[in-house]
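Open the model in your viewer and keep the selection tool ready. Each stop below says what to select and what is there.

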Amino acid sequence: MYKIETYYNVFPWHANHFGSLHGGIYMNWLIDTSGLLMSNVSRGNYLLASVDYIYLFKPARVGDVIRVVAETTAGWESSVEIKVKACIKREEKEELGALGLTTYVAVDENGRPRKLPVKIGSDEEANKRREKRIEKKKKDVLDQEDLLPGMSFGKSYIRTIYPEHGFGNGILYAGKMYTMLDEALAIVAKLYTRGNVFTGSAGAANFLSPVRIGDILEIQAAIEYTGNTSLDVGAKVFAINHYTGEKRLVTRTVFSFVAIDENAKPKPIQKITPSTEKEKKIFEERLKEREERIKLSKTLQETELCQ
């Protein structure tokens, strides 16, 4: 097992307008640390291949120190599964703040998978997780259509990718993408709930195509499920080459948010009634995923410790 730790101080420019660490920056720090570990293991270029989940259990605030720990949990010929968690230090105690499970792939100078220089190995459970990712990827590849048509409430977020957003190989850095995703999806959640929201989790995502510096990034976001105080905002991310007009699907994912009042307490929201067959199908899928997500969240909080 390979392991690494990093530390982050939450400064005012990391916080949102109601005083908590911005969810996108929180995720960025998790990806920073897991990516740093992958850099040490792969000894060369790498890309984020998939995210199984990212849970933001507890908010961090200005002045908090966050210890982020990443460790390898499995490895195959060119890919490595890495668990990463954030521990919030408050006085002499630490609390589990966030937890994620990611997979990276070692690549050559042309972005093609290459063999890892070390052998890590995998157990039966890790191989099952890998098979699940592969099945989801097959499904995602077949679903290239725009998300917004047929959905009751959604918006598009479009921006150009500049060098400041890029990795050393001229590709959009995954941590920056998650910051953009959180911002775009939270905007949709806030517009729908007419108030503030807290990012609870980011769901599974496979990265099908790299976003390059100079590409136009389009995030299509729509409400895909509503509960009593929480909502799921789904996203399809596309990269657009403005010279050729080519539009490539980058990833498909879902973020969960909790609507909060002025005292940062959960508040009731209006529910959406699915009105199209597409929307009904998505709502049913999200309901099933929600039950699995809550169950896994409880298990992880009971078993994962900051030590």
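**Stop 1**

Select Glu 224 and Arg 286. They form a salt bridge, with the closest N and O atoms 2.6 Å apart. The pair spans distant parts of the chain: Glu 224 belongs to strand E9 (residues 216–226), Arg 286 to helix H4 (residues 277–303), and 62 residues separate them. This is a predicted model, so every distance on this tour is computed from predicted coordinates.

Are these two residues buried or exposed? Glu 224 has 0% relative accessibility and counts as buried. Arg 286 is at 5% and counts as buried too. The cut-off for buried is under 20% relative accessible area.

Glu 289 and Arg 286 sit three residues apart in helix H4, so about one helical turn separates them. Glu 289, at 34% relative accessibility, counts as partly exposed.

Now select Glu 5, Arg 67, Lys 89 and Glu 94. Salt bridges with shared partners join these residues into one network.

**Stop 2**

Move to Lys 138 and Glu 135. Their closest N and O atoms are 3.6 Å apart, and the two form a salt bridge. Both lie in helix H2 (residues 124–142), three residues apart, which means a separation of about one helical turn. Glu 135 is partly exposed, at 46% relative accessibility.

How many salt bridges does a search of the whole structure find? The count is 23. Side chains of opposite charge can pair when their charged atoms come close.

**Stop 3: the nonpolar cores**

Clear the selection. Then pick Ile 66, Tyr 178, Leu 181, Leu 185, Ile 219, Val 233 and Phe 257. These have the most contacts inside the largest nonpolar core, which has 69 residues. Which helix gives the most to this core? Helix H3 (residues 174–193) does, with 11 residues.

Center on Val 233. Leave aside neighbours within four places in sequence. Its contacts then include Leu 185, Val 188 and Ala 189. Ala 221, Ala 222 and Ile 223 are also among the contacts of Val 233.

Another core lies apart from the largest one. It has nine residues, among them Cys 87, Leu 96, Leu 99 and Leu 300. Cys 87 comes back at Stop 5.

**Stop 4: along helix H3**

Select H3 on its own. It has 20 residues and reaches 28 Å from its first C-alpha to its last. That is close to the 28 Å expected at 1.5 Å a residue. H3 is mostly covered, with 15 of its 20 residues buried. Step just past the helix to Arg 194, where phi is positive, at about 55 degrees.

**Stop 5: the disulfide**

A search of the whole structure finds one disulfide. Select Cys 87 and Cys 306: these form the link, with their sulfur atoms 2.1 Å apart. The angle about the S-S bond is -95 degrees, and the link is left-handed. What does the pair tie together? Cys 87 lies in strand E4 (residues 79–90) and Cys 306 in the segment after H4, so the link joins parts that are 219 residues apart in sequence. Cys 87 is buried, at 0% relative accessibility.

**Stop 6**

E3 and E4 run antiparallel, joined by 10 bridges. A hairpin of three residues connects them. Look for Ala 74: its bridge partner in E4 is Glu 81.

E4 and E5 pair in the antiparallel sense over 12 bridges. Glu 81 stands opposite Thr 103 in E5. The hairpin of E4 and E5 has two residues between the strands, and Glu 91 there takes a positive phi near 55 degrees.

**Stop 7: Pro 113**

Finish at Pro 113, in the loop between strand E5 (93–106) and H2. Is Pro 113 buried or exposed? It is exposed, with a relative accessible area of 57%. Leaving aside neighbours within four places in sequence, Pro 113 is in contact with Ser 78, Val 105, Ala 106 and Val 107. Draw a distance from the C-alpha of Pro 113 to that of Glu 5. The two atoms are separated by 26 Å, with the residues 108 apart along the chain.

Definitions and conventions:
Residues numbered from 1 in each chain as written. Predicted model: local features only at pLDDT ≥ 70, side-chain atom pairs only at ≥ 80, totals over all residues. Heavy atoms only, no water. Salt bridge = Lys/Arg side-chain N within 4 Å of Asp/Glu carboxyl O. Helix = DSSP H or I, 4+ residues; strand = E, 2+ residues; numbered from the N terminus. Buried < 20%, exposed > 50% of the residue type's maximum accessible area, 1.4 Å probe, protein only. Core = buried A, V, L, I, M, F, W, Y, C linked by side-chain atoms within 4.5 Å. Contact = heavy atoms within 4.5 Å. Expected span 1.5 Å × (residues − 1). Disulfide = S-S within 2.5 Å. Pairing = 2+ DSSP bridges.
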